[in-house]
Amino acid sequence: MNAPPITRCQWRGMAGDPLYEAYHDTEWGVPEYDSRALWEKLVLDGFQAGLAWITILRKRDAFRAAFDGFDPEKVARYGEADRTRLMADPGIVRSNAKIDAAIEGAKIYLQMRARGEDFSEFCWGFVGGRPVQNAWTDFGQVPARTPLAVEMSKALKAKGFKFVGPVIVYAWMQATGLVNDHLTCCFRHEHVKGLAR
């Protein structure tokens with residue numbers, strides 16, 4: 001007997017794409033509390049600027065290899081040789097501005113840590129430590145940015161982070177579970193809601 005069909009969010013291009021479906025089904029919207037992982041995802045969302053997320057998702061393993069597993073201590077030490085290496089790597093998005101933003105972001109991350117400022121606590125502080133639980137019924141209702149994303153974008157920019165405009169920041173908030181934007185009809189909505197601390 002066949003299993004009933006799964007109802008997912010209505011993302012363009014996801015239906016039938018196993019990589020995209022697996023990302024939606026297991027990762028997107030799950031609350032992320034690890035500082036390094038939050039920073040990695042922020043960097044990847046910055047690389048997405050002007051591109052579709054599936055492009056970054058398909059290149060994510062190559063990004064991780066190219067950026068030493070997004071170890072901020074290693075990335076912060078990158079110099080001209082590393083910039084040249086990254087710009088020559090066909091496996092990633094080759095953009096001088098985005099590569100420089102990633103390197104500078106690693107330095108800022110370490111500066112925050114040195115001051116006793118935990119990146120995860122900083123991020124989760126904007127939502128009071130608990131995910132915002134939305135109840136959208138249709139994909140057209142889901143915003144591209146919110147006042148909270150604008151506030152967070154300004155705070156990240158004030159620290160020196162780049163490629164952290166409100167639209168990028170909101171996509172990152174959705175991905176890392178600071179907000180639950182799975183549609184109420186999606187099989188993941190209630191499960192993700194239950195993962196909140």
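Is the crossing of helix 2 and helix 6 right-handed or left-handed? In this predicted model, the crossing of these two helices is right-handed. The axes of helix 2 and helix 6, the latter spanning residues 96-114, come within 10 Å and cross at roughly 160°. Since angles over 145 degrees count as roughly antiparallel, helix 2 and helix 6 are therefore roughly antiparallel to each other. On the helix 2 side, the meeting residues are Ser-35, Arg-36, Trp-39, Val-43, Gly-46, Phe-47 and Gln-48, and their partners in helix 6 are Lys-98, Ile-99, Ala-102, Gly-105, Ala-106 and Tyr-109. Sorted by class, this contact has seven nonpolar, four polar and two charged residues.

Helix 6 also meets helix 5 (residues 80-87), and here the axes come within 10 Å and cross at roughly 135°. Helix 5 and helix 6 are therefore oblique to each other, and their crossing is right-handed. Arg-83, Leu-86 and Met-87 of helix 5 make the contact with Asn-96, Ile-99, Asp-100 and Ile-103 of helix 6. Four nonpolar, one polar and two charged residues take part in this contact.

Two cavities of 30 Å³ or more are held within the structure. The largest cavity contains about 110 Å³ of space. It is lined by 13 residues, with Leu-42, Val-43, Ala-101, Ala-102 and Lys-162 the closest to its centre. Helix 2 and helix 6 each supply at least two residues of this lining, and helix 2 gives the most, with five residues. The lining of the largest cavity comprises nine nonpolar, two polar and two charged residues.

The second largest cavity holds about 50 Å³ of space, and its lining consists of Tyr-23, Glu-27, Lys-41, Leu-44, Asp-45, Trp-53, Arg-60 and Ala-175. Helix 2 and helix 3 are the elements that give two or more residues to this lining, with the largest share, three residues, coming from helix 2. By class, the lining of the second largest cavity has four nonpolar, no polar and four charged residues.

Finally, the largest pocket has a volume of about 730 Å³. Its lining is made of 27 residues, among which Gln-48, Trp-53, Phe-139, Ala-171 and Gln-174 lie nearest the centre. Two or more lining residues come from each of helix 1 (18-26), helix 2 (35-48), helix 3 (53-66) and helix 9 (166-175). Helix 9 gives the most to the lining of the largest pocket, with six residues. This lining has 19 nonpolar, three polar and five charged residues.

Notes. Residues are numbered from 1 along each chain as its sequence is written. This is a predicted model: local features need pLDDT of at least 70, side-chain atom pairs count only at pLDDT 80 or more; totals for chains, interfaces and linings use all residues. Side-chain values use heavy atoms; hydrogens and water are left out. On a 1 Å grid over the protein atoms alone, a cavity is a set of points where a 1.4 Å probe fits but cannot get out, and a pocket is an open set with protein on both sides within 12 Å along at least five of seven lines; lining residues have an atom within 4 Å of a point. Grid points are joined across faces, edges and corners, and a volume is the space filled by probe spheres set on the points. Helices (H or I, at least four residues) and strands (E, at least two) are DSSP runs, numbered from the N terminus. Ala, Val, Leu, Ile, Met, Phe, Trp, Tyr, Cys and Pro count as nonpolar, Asp, Glu, Lys and Arg as charged, and the others, Gly among them, as polar. Axes are lines fitted to C-alpha atoms, for helices over the stretch in contact, and angles run from 0 to 180 degrees between N-to-C directions. Angles under 35 degrees count as roughly parallel, over 145 as roughly antiparallel, 65 to 115 as roughly perpendicular and the rest as oblique. A crossing is left-handed if the near helix is turned anticlockwise from the far one by less than a right angle, and right-handed if clockwise. Contact means heavy atoms within 4.5 Å.
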